[in-house]
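Subject: A structure for you to look at

Hi,

Here is the structure I promised to pass on. Have a look at it first, then read my notes below with the model open beside you.

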Amino acid sequence: MNEGTDGSLEWVRSQGFDYTYSPENIGVCWSLNACRALVKTDYIVFLNDDMYMLPDWDLELMKEIEALPDNFFFLSSTTIEPRILPHPGLLTPFYYGSTPAEFREDDLLRDYKNINGYDWSGSTWPPCIVHKDIWDLIKGYSVEFFPGLYSDPDFSMKLFQAGVRFFKGVSKSRAYHFGSKSTQRIKMNKGSKQFLNKWGITSSTFSRYYLRRGQPFTGSLVVNHGSGVLKRAKLRSRIKRVIWAITGNGRIDGPNSI
């Protein structure tokens, strides 16, 4: 926790919980890496502070894990969102409030199982779970993405580079997401540019052609590197990287812009 002035720190201390604390906002990457030292279980779960976890979310994730042959996986719960978002796999728009004061908890608990969804490919966003050994293998989150924009796809790319191919969003494991309430209060990093400069492709190319994020889940990822559309996407990424380096503006105009 950081910058708490509402009594949260005192309450955590009074409950005897393990915790980390910083007097200033150190960003999500430093925070998560600091929390790693407190983990006493085999699995690390990461979720945002503006999420409400629905019944059996953890049980459904554990069922998936128990059916897998090894620890090379990355799983996400499926979020119910109050507004329309352009990302497949999310359940939108289902409005049950955007603040705790207007939260319609009873209605959500009554309805959430009846919202149609599907298991999807490309686990990237929280709520998510990874085995501690895999977390340690890739050294957690990358602190250069401070305060945290695009640290999620970067984490998935690191997993991919380490050999993880099982990226699954689990439909039956659900959470309600109030909607980026914390990130609206701070100045964010230029995460898309950082991702492109670090990995040589855009985050959208990675999400679309490697993770196939949001598409119906069919199993472990198999990337067709000989695909013409992927080759063109990689070429546009390289062009965008050069333009960004020269002008500071990586925009490539046209219907196929990434």
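This is a predicted model: local features need pLDDT of at least 70, side-chain atom pairs count only at pLDDT 80 or more; totals for chains, interfaces and linings use all residues.

Just after helix α6, G163 takes a positive phi of about 105 degrees.

Residues are numbered from 1 along each chain as its sequence is written, and side-chain values use heavy atoms, with hydrogens and water left out.

Back to α6. This helix is largely enclosed by the rest of the structure, because 10 of its 11 residues are buried. Buried means under 20% relative accessible area, exposed means over 50%, and partly exposed is in between (1.4 Å probe, protein chains only). The buried residues of α6 include S151, D152, P153 and D154.

The loop between α5 (132-138) and α6 (151-161) is worth a look too, as P147 lies there. A cis peptide bond joins F146 and P147, with omega about 0 degrees. Y150 lies in that loop between α5 and α6 as well. Its phi is near 75 degrees, a positive value in a residue other than glycine, and Y150 is partly exposed, at 30% relative accessible area.

The peptide bond from T92 to P93 is cis, with omega near -25 degrees; P93 sits in the loop between β3 (73-80) and α4 (105-111). D56, in the loop between β2 (51-53) and α3 (57-66), has a positive phi near 70 degrees and is not a glycine. D56 is partly exposed, with a relative accessible area of 40%.

Now for helix α8. Seven of its nine residues are buried, so α8 is largely enclosed by the rest of the structure. Those buried residues pack against β4 (120-121), α6, β6 (166-177), α7 (191-199) and α9. Contact means heavy atoms within 4.5 Å. Just after α8, R212 takes a positive phi of about 50 degrees.

How do α8 and α9 run relative to each other, roughly parallel or roughly antiparallel? The axes of α8 and α9 (residues 228-247) come within 10 Å and cross at roughly 165 degrees, and α8 and α9 are therefore roughly antiparallel. The axes are lines fitted to C-alpha atoms, for helices over the stretch in contact, and angles run from 0 to 180 degrees between N-to-C directions. Angles under 35 degrees count as roughly parallel, over 145 as roughly antiparallel, 65 to 115 as roughly perpendicular and the rest as oblique. On the α8 side, T205, Y209 and Y210 make the contact, and on the α9 side V229, L230, A233, K234 and S237 do.

At 27% relative accessibility, S204 counts as partly exposed.

Enjoy exploring!

Note on methods: Helices (H or I, at least four residues) and strands (E, at least two) are DSSP runs, numbered from the N terminus.
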